[in-house]
Amino acid sequence: MRFFFPERRQFFLENADLFDSFGQQRSRPFFSRRIGVDVDSATGQNIQSKIIYGARISGKIKEDWRIGAMNMQTATDEDAGAAGKNFTVLALQKKVFTRSNVGLIYVNKESLALDEFQQLFDPTAYNRLLGVDYNLNSADGKWTGKVYYHRTFESEKKDSPYSFNAYLLFTDIHWNWSFSYQDIGQNFNPAVGFVPRVNFKRLNPDVSYLFYPNSRLINRHGPKLEYEGYWNEEIGLTDRDIDLGYLIRFNSLSELEITHRNRYLYLFEDFDPTRTGGEQLLAGTDYTNRTLQIEYQSNPRNIFNVQLDAEAGQYFTGNFQRFTSEMGARLGYLANISMNFNYARIRLPKPQNDADLILVGPRIDLTFSKKIFWTTFIQYNNQINNLNINTRLQWRYAPVSDFFLVYTDNYFPGDFMPKQRSLVLKLNYWLNL
């Protein structure tokens, strides 16, 4: 399983949209979090690698042209058996027609040589990506879309090292429909990007229609139908969702949506549906489940607001019911107070295990002034038997420059015996030359 963590380092955030606009969420050719992370050759675990230097330039060449260039070098860690890496990213974007654009991206990662020949770079340890993206946005705003093709290059030649996507969306006051087709090859490997899954083809059409009644209560309402399917040449269909829903938006800006879901899932690996140590469902088996989901969101402009989400139905070989709520209070710019509650009741036949999963988390955000902020977050999770407390004080002593004081504590919920505690101080200063 791969996790996506958003970038927080200021160096990478300026004009980040130029680099991030390439690809989409299931296939990103460049993800800056890859820089500064390496793998310990002995344990296989991710470790932090020291960045020796970094340089970048980005901005407009002309009114219709944007360019971005970046080069970073990390240090060799002999204890971890990790060679230093050099990263180069080049992005070029040209505005076309009224609101559309076409872009080119090149990403290169090379490793320093660690042999007796004293070469600068290991000629076999490189990973490169070349791609082109076209982003459509019509003059009237009704048509939007994206088409791209990316390909990776490594010293060992492999079949199907590509990623392709075509997406088109039409929207007006009544109709909203889209069509998406994606094809990611088995050996597509963007080492400086983010791809949670490879070797699949995906088809995702959907359509919805809105009615606007003459009503004091309802502003708009209408049905929606969505299909999403994944398959590959070896197995055939691996995932499929068919969702039929109905949305009601009230004049108060609150919303109610009811959705019937029909899901199909093929297991690539053995899987415990509750992750509680019960007997696992075997790889190669498949399951079709049907559920009913109800979602409600109150007027977000109110001081007090609530979001509710309930779903019930079949779950692998059994059934489940889940309920999620988020309640919040906004006191101007001074404070935001919220409470999250998640409960899932899973019932499976023997030899699988049943489970009752609870996750509770209050959060408080306080603003004392334009420079001082305090955030406290508490979370109870019965699945991992943990109570977590995290509190952070932030002082913005200069523009884009902050001092953070963060305290984190983890307890066993039953007797409140501590598991782990930490106190972290962080200081950053933005030097703008």
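**Aromatic rings and their partners**

Reply: The charged end of Arg128 is placed over the ring of Tyr126, at 4.1 Å from its centre, where sitting over a ring requires NZ of Lys or CZ of Arg within 6 Å of the ring centre and within 35 degrees of the ring normal. Lys419, in turn, lies over the face of Phe412, 4.6 Å from the ring centre. The model is predicted, so local features need pLDDT of at least 70 and side-chain atom pairs count only at pLDDT 80 or more, whereas totals for chains, interfaces and linings use all residues. Residues are numbered from 1 along each chain as its sequence is written, and side-chain values use heavy atoms, with hydrogens and water left out.

Turning to ring against ring, the structure holds 17 aromatic pairs (Phe, Tyr or six-membered Trp rings with centres within 6.5 Å; planes under 30 degrees apart are stacked, over 60 edge-to-face, the rest tilted). One of them joins Tyr287 and Phe316 edge-to-face, with 5.5 Å between the centres and 70 degrees between the planes. Because Tyr287 belongs to strand E16 (residues 286–297) and Phe316 to the loop between strand E17 (304–315) and strand E18 (318–331), this pair ties together parts 29 residues apart in sequence (strands being DSSP runs of E, at least two residues, numbered from the N terminus). Tyr287 and Phe316 are both buried, that is, under 20% relative accessible area with a 1.4 Å probe, protein chains only. Phe316 also pairs with Tyr315: their ring centres are 4.9 Å apart and their planes at 90 degrees, so this pair too is edge-to-face, and Tyr315 is buried like Phe316.

Definitions and conventions. Helix = DSSP H or I, 4+ residues; strand = E, 2+ residues; numbered from the N terminus. Buried < 20%, exposed > 50% of the residue type's maximum accessible area, 1.4 Å probe, protein only.
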